[in-house]
Amino acid sequence: MELSDLQVEPTGSVIGAKVSGINLKNEVSQAVLMELRGLLDQYAVLIFPQQYLSPDEFVRAGRIFGSLLPQQLKKYVLKDQPLVGYNSTSDLPRKNGKLHVRGENYHTDHSNFIEPPRATALVAVEIPEIGGDTQFVDTRLAYDNLSSELKEISTHLFSKHVHQSSRSPRELTKLTQEDLAKIPQTIQPLVIRHPNSGRAALYLNTGRMEGIEGMDDDGAYELIDALYSHAIQQEFEYRHVWSKGEMVIWDNRSVMHQANADYDPEKSRYLYRIMIEGPPIEAFAKNTLKD
Ligand SMILES: [Fe+2]
């Protein structure tokens, strides 16, 4: 394929574009690779319809965007291809007959890592007819639309990100004491600078943020809640309705995402998952040191 074969169709929401005219099972040229990386920086969510990738093909396709990061939750990893994790309905606990899915509130993946994944990608293997959408919000636009007062306050603040915040709105996967000891805790800025575009974005993860450095807890969580409720407004959202065979990749430094447990627990929903390595998070305020 040539670069000119690529077709890019914005979703019509503030973020996201559908990319066609490419078969991700094949090698891509350097020109196409650079173009796709640029599109991810710009649109933050890319949708590649009808790819039907095997786990090995998914790994190769993922490498267009960078080196792959090993999966953290080893119990949800494919035996034959450990770089690929999976989300499967059959593993999910039920609460009062309702599914308890992972990722069911807006978050950015592994924000407690010193070098959180630059991007995460999913391949839809089995999708229920109704429900199970993934929602994304543009955290760059959310920052741009903050009041100048909130911009000024939040740009110089930092939060400790841990495996699970003491005020987490959801229960994260339980880890053994041994595994928990290996999980990093990292101080991250509330406003980050995108490594490629240089744009500012809010960096929030209510499941992992343990207060704000230098603030008392009441004030800290009040500010986190205010920023979070601002960022998850519908005007910043793209809601993805899945189709079988799609690959979707998103930029964890430009969006938050959330899963939905609103589908029939008897229906199968199964996706492969990979993560792309990224550099350490950088504060937007240049004169602010991380520690
Ligand atoms: Fe996630």
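Contact here means heavy atoms within 4.5 Å, and helices (H or I, at least four residues) and strands (E, at least two) are DSSP runs numbered from the N terminus. The model is predicted, so local features need pLDDT of at least 70 and side-chain atom pairs count only at pLDDT 80 or more, while totals for chains, interfaces and linings use all residues. Residues are numbered from 1 along each chain as its sequence is written, and side-chain values use heavy atoms, with hydrogens and water left out.

Helix α2 (residues 55-62) is mostly covered, with 6 of its 8 residues buried, that is, under 20% relative accessible area with a 1.4 Å probe and protein chains only. The buried residues are Pro-55, Glu-57, Phe-58, Val-59, Ala-61 and Gly-62, and they pack against β4 (68-69), β8, β16 (247-251) and β18 (270-276).

## The largest pocket

A pocket is an open set of points on a 1 Å grid over the protein atoms alone, where a 1.4 Å probe fits, with protein on both sides within 12 Å along at least five of seven lines; lining residues have an atom within 4 Å of a point. The largest pocket holds about 870 Å³ of space, a volume being the space filled by probe spheres set on the points. Of its 41 lining residues, Val-101, Arg-102, Gly-103, Arg-170 and Thr-173 are the closest to its centre.

The elements giving two or more residues to this lining are β5 (85-88), β8 (119-126) and β17 (255-259), and the largest share, 4 residues, comes from β5.

Methods. Buried means under 20% relative accessible area, exposed over 50%, partly exposed in between (1.4 Å probe, protein chains only).
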